[in-house]
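Here's a quick briefing to read with the model open beside you. Have a look at the fold, then work through the points by topic.

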Amino acid sequence: MKDMPPELEWYANIRSEKTRRAYRNDVKELSRFLGITEPEEMRIVTRAHLLAWRTDLEQRNLAAATIRRKLASISSLFDYLCEQNAVLHNPVLGVKRPAANNNEGTTPALGDSQARMLLDAPPANTLKGKRDRAILATLLYHGLRREELCRLQVKDLQQRSGVQHLCIHGKREKIRFLPMHPMAQRLIDEYLEAAGHRDDQKGPLFRPVKNNITGTLLKPLDPQAVYTCIIRKYGKETGINASVNGFCVHSLRSTAATNALEHGADIGKVQEWLGHANVSTTRLYDRRKSRPEESPTFRVKY
């Protein structure tokens with residue numbers, strides 16, 4: 001049996017399906033640009049090839065963050081090829097990446113009144129409304145990624161030192177425990193009472209309330225459904241979609257982090273809370289220096 005080339009082994013070793021899909025797309029894009037048809041041909045890629053590709057990406061007006069991510073994908077592949085002695089060095093190391101905006105992230109955060117409007121948008125007297133209220137509260141009060149939200153099981157509601165916690169399964173299989181906010185805890189309890197699956201400890205916490213295709217409800221929510229059927233739906237109803245450019249699921253994570261920092265949370269604790277590997281990522285949510293009410297604009301008087 002022919003051995004699997006290290007280029008394909010690299011894919012297999014990426015545990016996150018989302019990351020694996022993104023990296024595969026980036027490698028395919030580079031392969032098309034260079035005319036590569038076989039995985040092993042990637043070993044002939046040089047710094048000059050990557051410089052030409054970077055120029056092409058820039059000419060297509062891709063965002064700096066997107067270009068950095070694509071180069072990081074290729075760098076990860078070559079790091080693995082170096083480990084497997086398939087190549088002598090990583091050619092990406094000689095390619096300068098676009099500068100990052102280290103001051104503030106681009107994902108918009110909601111104001112307090114907007115967050116309250118969003119929390120109150122789902123109806124409180126239907127099963128879907130109760131579920132959606134619980135989901136919005138879980139996101140806004142705990143800063144979860146949507147994949148982390150969809151991965152939650154009933155058993156992930158756990159008592160620790162007499163306080164209800166969420167057991168979060170994050171990136172790179174890292175687990176963190178977050179104390180539950182009382183509002184989120186109340187809304188989740190109301191949802192579980194209405195849904196009737198509190199005792200299904202190994203089952204998904206948040207589930208579809210209807211399935212017109214297969215009829216199966218005993219499954220986790222799809223992350224895309226969280227975006228289209230909850231975030232965008234209630235964002236439209238409240239007018240947030242129109243007033244907040246780029247509003248998305250990640251905006252709720254940004255809102256939670258920004259709000260916690262503005263109310264005195266230690267940035268190191270927020271880093272652990274969000275599951276960031278590096279505090280520099282957490283600093284992108286720190287908007288305390290750019291609060292509108294503290295701008296010199298409002299000190300100008302004529």
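Let's start with helix H11, residues 249-262: at 1.5 Å a residue, its 14 residues should span 20 Å, and the end C-alpha atoms sit 21 Å apart, which agrees. Keep in mind that this is a predicted model. The chain it belongs to has 13 helices and 3 strands.

- H11 is largely enclosed by the rest of the structure, because 10 of its 14 residues are buried.
- Those buried residues are Val-249, Ser-251, Leu-252, Arg-253, Ser-254, Thr-255, Ala-256, Ala-257, Thr-258 and Leu-261.
- What do the buried residues of H11 pack against? Their partners are helix H5 (112-120), H6, H7, strand E3 (175-179), helix H9 (223-238) and helix H12 (267-274).
- After H11 comes Gly-264, which has a positive phi, near 95 degrees.

**Arg-145**

- Look for Arg-145 in the loop that links helix H6 (127-142) to helix H7 (146-151).
- Is Arg-145 buried or exposed? With a relative accessibility of 13%, Arg-145 counts as buried, because the cut-off is under 20%.
- The Arg-145 side chain has a polar contact, at 2.5 Å, with the side chain of Glu-148.
- Leaving aside residues up to four places away in sequence, Arg-145 touches Lys-171, Arg-176, Arg-253, Leu-274, Gly-275 and His-276. One of these, Arg-253, is also among the buried residues of H11.

**Where H2 meets H4**

- Helix H2 (residues 17-34) packs on H4 at an angle of about 90 degrees, and the two axes are 9 Å apart.
- That angle makes H2 roughly perpendicular to H4, because 65 to 115 degrees counts as such.
- On the H2 side, the contact is made by Tyr-23, Asp-26, Val-27, Glu-29 and Leu-30. H4 brings Arg-69, Lys-70, Ser-73, Ile-74, Ser-76 and Leu-77.
- Sorted by type, the residues of this H2–H4 contact come out as 5 nonpolar, 2 polar and 4 charged.

**Positive phi outside glycine**

- Asn-61 isn't a glycine, yet its phi is positive, near 60 degrees. You'll find Asn-61 in the loop between helix H3 (47-59) and helix H4 (64-83).
- Asn-61 counts as exposed, because its relative accessibility is 69% and the cut-off is over 50%.
- Ser-161 isn't a glycine either, and its phi is positive at about 55 degrees. Ser-161 lies in the loop between strand E1 (157-160) and strand E2 (163-169).
- Ser-161 is exposed too, with a relative accessible area of 82%.

**Pro-182**

- Pro-182 belongs to helix H8, which covers residues 182-195.
- Pro-182 is exposed, its relative accessible area being 59%.

**The chain as a whole**

- The C-alpha trace spans about 70 × 60 × 40 Å along its principal axes.
- Of the 302 residues in the chain, 38% are buried.
- Take the contacts between residues at least 6 apart in sequence: 56% of them join residues at least 24 apart.

Notes: Residues are numbered from 1 along each chain as its sequence is written. This is a predicted model: local features need pLDDT of at least 70, side-chain atom pairs count only at pLDDT 80 or more; totals for chains, interfaces and linings use all residues. Side-chain values use heavy atoms; hydrogens and water are left out. Helices (H or I, at least four residues) and strands (E, at least two) are DSSP runs, numbered from the N terminus. Buried means under 20% relative accessible area, exposed over 50%, partly exposed in between (1.4 Å probe, protein chains only). A polar contact is a pair of N or O atoms within 3.5 Å; within protein, one must be able to donate a hydrogen and the other to accept it, and residues adjacent in sequence count only if both atoms are side-chain atoms. Contact means heavy atoms within 4.5 Å. Axes are lines fitted to C-alpha atoms, for helices over the stretch in contact, and angles run from 0 to 180 degrees between N-to-C directions. Angles under 35 degrees count as roughly parallel, over 145 as roughly antiparallel, 65 to 115 as roughly perpendicular and the rest as oblique. Ala, Val, Leu, Ile, Met, Phe, Trp, Tyr, Cys and Pro count as nonpolar, Asp, Glu, Lys and Arg as charged, and the others, Gly among them, as polar. The expected span of a helix is 1.5 Å times one less than its number of residues.
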